[in-house]
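Colleague: Please show me the model, so that we may go through it together.

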Amino acid sequence: MKLLDCTTSTGFITEDMTVKQAFAECVKYNTPGLPYVDKDQKIIGRFSIRNTFYATSIPADLIKHAHLLGNDIEHLDIPEQNVSEYLNKPANEFLINQILHLNPDSQIVKALALMEQFNTSYLFVVDDNDQYLGVVTHLSITNLLLKI
Amino acid sequence: MTFTQPMLISTVILLGAYVLIFTEKIHRTSAAIIGAVSMVGIGMIFDFYSQEEALQSIDANTIFLLAAMMMVVAMLRNTGAFEYMAIVLSRISRSKPKLLLIYLCAAVSLISMILDNVTTVIVFAPLTILITRLMQLNPVPYLVGEAMLSNVGGIATLVGDPPNIMIGSAANIDFSTFLVHMAPPVIVVWIFTITFLLFAFRKELAVEIDDKKTSKLDTRHAIKDPALLIKTMVSLAVIIVLFFIHHHMHLYPSFAAIIGLALAMALMQPKPEKLFGEVNWSVLVFFAGLFVIVGGVEASGLLSMLGEELAHVAKQPDMLLLTCLLIMWVAAMLSAFVDNIPFTVTMIPIILGLESAGVPVTPLWWALALGVGLGGNGTHIGATANIIVMSELEKSGIQNARLTPMDWLKKGLPTTFIGLVVSSIIFSLFFDYFLV
């Protein structure tokens, strides 16, 4: 099994995009995150849906005690006003500098191990010439396994 | 007695280490290790301090007591008992903001009397933010109150605060004697402090809460493992009972804690590497380093000389009360701005020196404990609990929940001042009580 067989080609998040546009790109390619590129199309970071939610909608106290929240709590939903506020923010405000990538010749097990090590569900596939080839996710790997 | 070369050398090393600790140029534990190594090395060269003396200067009772209690607290923390208690308190406060403040602060104070107040605040602060978030209340009064009153609660017992452990160990004061002498002033200071906080935060607390906003946290999921909780509580109960009777059984307080820890380990069989990982070794090594540094100054004869000089003043019956009040206020003022541990460790041999000179030092120990404890409330850096709540408030992302150092000062300095005035009045009125 080659890593390339489960790599999905995607677009990038660019400097002029808002969070809303970045979310739309992630949904379009069915991936939890996408590479962030500068004007020269060089990958300088990544945009992550999870990180954006974490930064905008889920305070630390809520995460720590999520198991204690009753089902009848009404006023803790993310207010629509907050949503529209951060959706219009520039995507680069939520840029993560750490870029997790691997070579297309890598074993799938390495991809899975790296995902575990860095507590993520996606990795970028970049060749020896720093050319971005796409994203590999838990879902794309599972999809490949199901075809065996 | 003349000022000798070893006295000068040891003072320079002590001051150098304290400057490193207080300026935070390097981590305080690193500073303490550097200071300790320097003191032993130079002490050996100048023949006033030996390796044996350095090892003997480390108060094993303090170190083992802290380590054992850290492990017991780690086990208790994982049970969810604190979370359960906080949710129940939020319910019985019946959506009344002032009652909620009183209940939470009382709980934190009581827990801090037995367990480390830093751990107590670490557990309570994020949960309190969540409770206030659900009730749409400003979390600031609650977190500030919890930090301040956990500091106050910790003063009441031998094990409530590291300085108390050091004082009790050095002065051979047992748990019950400590409680009997410190609880009365602490209770009065507590009442005055909560009254002041209710007044200072009157605007934030003057909120009507409807039932929908009432905290709807689910207690059923709070206790993670009821069997584990029972075993931990049994072990903790054994420790508390042993604390009350340790002097009758000729046990060190640390040994009482270790017995409870051993019981907990037998009942729960935790993974030792995980349990030992919960111990804050950095704090313990910091304390050990300070003991070695101050041991060097003591070995140089400087602290005995200081004790003898002070004894001339403190020996006069009229001056003893004044000396107590002076120690209390100076200790509080210093503790508000710098770590209270180095001050306590330095004061202990001085007071022991006074005792050797025939001064009745018992009230001085109480004054020192009150001073270093109350001073911690003065500024945001006065106590670790204060720093924790500042950080938790910042992390909460709640707009009006930011607390600047100046905001803390506005509430902290009056709180400390009120505490000191109340303690001084109690000390002066009932001085005979503190003499024995």
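Colleague: In which helix of chain B is M268(B) found?

Modeller: A word on conventions comes before the answer. This is a predicted model, in which local features need pLDDT of at least 70, side-chain atom pairs count only at pLDDT 80 or more, and totals for chains, interfaces and linings use all residues. Residues are numbered from 1 along each chain as its sequence is written, while chains are lettered from A and ligands numbered from 1 in the order in which they are written. Helices are DSSP runs of H or I with at least four residues, strands are runs of E with at least two, and both are numbered from the N terminus; M268(B) is found in helix α13 (residues 253–268) of chain B.

Colleague: Is M268(B) buried, partly exposed or exposed?

Modeller: A residue is buried if 20 or more other C-beta atoms lie within 10 Å of its own, exposed if 12 or fewer, and partly exposed in between, with C-beta atoms placed from the backbone. M268(B) has 16 C-beta neighbours inside 10 Å and therefore counts as partly exposed.

Colleague: Which residues is M268(B) in contact with, leaving aside its neighbours within four places in sequence?

Modeller: Two residues are in contact if their C-beta atoms, placed from the backbone, lie within 7 Å. With the neighbours within four places in sequence left aside, the contacts of M268(B) are M75(B), L228(B) and K231(B).

Colleague: How many C-beta neighbours inside 10 Å does K410(B) have, and how does it count?

Modeller: K410(B) lies in helix α21 (residues 405–429) of chain B. K410(B) has 12 C-beta neighbours inside 10 Å, so it counts as exposed.

Colleague: At what angle do the axes of α16 and α18 of chain B cross?

Modeller: Two packed helices are described by the angle between their axes and the distance between the axes. Axes are lines fitted to C-alpha atoms, for helices over the stretch in contact, and angles run from 0 to 180 degrees between N-to-C directions. The axes of α16 (residues 302–314) and α18 (residues 340–356) of chain B come within 8 Å and cross at roughly 60 degrees.

Colleague: How are α16(B) and α18(B) therefore described relative to each other?

Modeller: Angles under 35 degrees count as roughly parallel, over 145 as roughly antiparallel, 65 to 115 as roughly perpendicular and the rest as oblique. The axes cross at roughly 60 degrees, and α16(B) and α18(B) are therefore oblique.

Colleague: Which residues of α18(B) make the contact with α16(B)?

Modeller: On the α16(B) side, the residues include L303(B), L306(B) and L310(B). The α18(B) side consists of P349(B), I350(B), G353(B), L354(B) and S356(B).

Colleague: What is the radius of gyration of chain B?

Modeller: The radius of gyration is taken over C-alpha atoms, and the globule rule is 2.2 Å times the number of residues to the power 0.38. With 436 residues, a compact globule would have a value near 22 Å, which agrees with that of chain B, 22 Å.

Colleague: Where in chain B is S95(B) placed?

Modeller: S95(B) is a residue other than glycine with a positive phi, near 60 degrees. S95(B) is partly exposed because 19 other C-beta atoms lie within 10 Å. Its place is in the loop between α5 (81–92) and α6 (97–114) of chain B.
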